[in-house]
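This report goes through one chain from single residues to its overall make-up. The sequence and the model are shown first.

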Amino acid sequence: YSYSRTIHSAVESSVNAACAQTLMKIGLEYSFKFATEKFRLSTFVEKYVDNYGYTHSDIAVGPLAIGAQTWGVHVNEMAAAFATFANNGVYRQARTFTKVCGSNGNLVLDNTQFSEQILSKKTVDYMNYCLVAGTSSGTGHEANLAGSYGITTGGKTGTSGSNKDRW
């Protein structure tokens, strides 16, 4: 990475250096707070000291810019975070059911979904533009469903090249 490029080009080509530089301009603390409070990523670690005395924190470039979190991220939380772009900037808490009714039709369990507008239209439009490029012509082109199924897809590939990390 030795030249200038746009965020669009960086997402399309999965250039992590651009993500890291953008993160540094936004700020580590602000980004961590946004990830945990707005996108509700619960596994991010502010500070953790392991049994050997090593201190771990996800308030750093590796965890925030390229996904090297201490404990990783739950799939349902990552899906909910990315779905915010498809939902016009509205974060909706992931859930596996909406309600459960008994045999008599009475409500037994209600799983009302939390939602909050967390991103502006401008941010959503630009991110969707970038993410669609990531799957239409970028490193995530194998996930492109537009040609075969007419479904617009968007995404950002990860650092790992292992199939076990695809989801």
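Is Arg40 buried, partly exposed or exposed? Arg40 has a relative accessibility of 35% and therefore counts as partly exposed; buried means under 20% relative accessible area, exposed over 50%, and partly exposed in between, with a 1.4 Å probe and protein chains only. The model is predicted, so local features need pLDDT of at least 70 and side-chain atom pairs count only at pLDDT 80 or more, while totals for chains, interfaces and linings use all residues. Residues are numbered from 1 along each chain as its sequence is written, and side-chain values use heavy atoms, with hydrogens and water left out.

**Overall make-up**

The chain holds seven helices and six strands, where helices (H or I, at least four residues) and strands (E, at least two) are DSSP runs numbered from the N terminus. Their order along the sequence is α-α-α-β-β-α-α-β-β-β-β-α-α. Along the principal axes, the C-alpha atoms fill a box of roughly 65 × 50 × 35 Å. Of the 167 residues in the chain, 28% are buried. Among contacts (heavy atoms within 4.5 Å) with a separation of 6 or more, 52% are between residues 24 or more positions apart.

**Backbone and loops**

Arg40 lies in the loop between α3 (28-37) and β1 (48-49), and its phi is positive, near 55°, in a residue other than glycine. Ser14 also has a positive phi near 55° and is not a glycine. Ser14 sits in the loop between α1 and α2 (16-26) and is buried, with a relative accessible area of 15%. Gly27 follows α2 and has a positive phi near 110°.

Gly158 belongs to the segment after α7 (146-149). With a relative accessible area of 53%, Gly158 is exposed.

In α2, the buried residues are Ala18, Ala20 and Leu23. Their cover includes α1, α3 and α4 (61-66).

Helix α6 has 16 residues and spans 22 Å from its first C-alpha to its last, close to the 22 Å expected at 1.5 Å a residue; the expected span is 1.5 Å times one less than the number of residues. Val124, Cys130, Leu131, Ala133, Gly134 and Thr135 are buried in α6. The cover of the buried residues of α6 includes α1 (7-13) and α5.

**Second largest pocket**

The volume of the second largest pocket is about 150 Å³. A pocket is found on a 1 Å grid over the protein atoms alone, as an open set of points where a 1.4 Å probe fits, with protein on both sides within 12 Å along at least five of seven lines; lining residues have an atom within 4 Å of a point. Grid points are joined across faces, edges and corners, and a volume is the space filled by probe spheres set on the points.

The lining consists of Phe82, Ala83, Phe85, Ala86, Asn128, Leu131, Val132, Thr152, Thr153 and Gly154. Two or more of these residues come from each of α5 (75-86) and α6 (121-136). Helix α5 gives the largest share, four residues. By type, the lining has six nonpolar, four polar and no charged residues; Ala, Val, Leu, Ile, Met, Phe, Trp, Tyr, Cys and Pro count as nonpolar, Asp, Glu, Lys and Arg as charged, and the others, Gly among them, as polar.

**Aromatic pairs**

Rings of Phe, Tyr and Trp (its six-membered ring) pair if their centres lie within 6.5 Å; planes under 30 degrees apart count as stacked, over 60 as edge-to-face and the rest as tilted. By this rule there are eight aromatic pairs. Two of them are tabulated below.

| Pair | Centre to centre | Angle of planes | Class |
|---|---|---|---|
| Phe34 and Phe39 | 5.6 Å | 70° | edge-to-face |
| Tyr91 and Phe114 | 6.5 Å | 55° | tilted |

Tyr91 is buried at 3% relative accessible area, whereas Phe114 is partly exposed at 30% relative accessibility.

Phe34 and Phe39 are both buried. Ring pairs join Phe34 and Phe39 with Tyr30, Phe82 and Phe85 in a cluster. Phe82 and Phe85 also belong to the lining of the second largest pocket.
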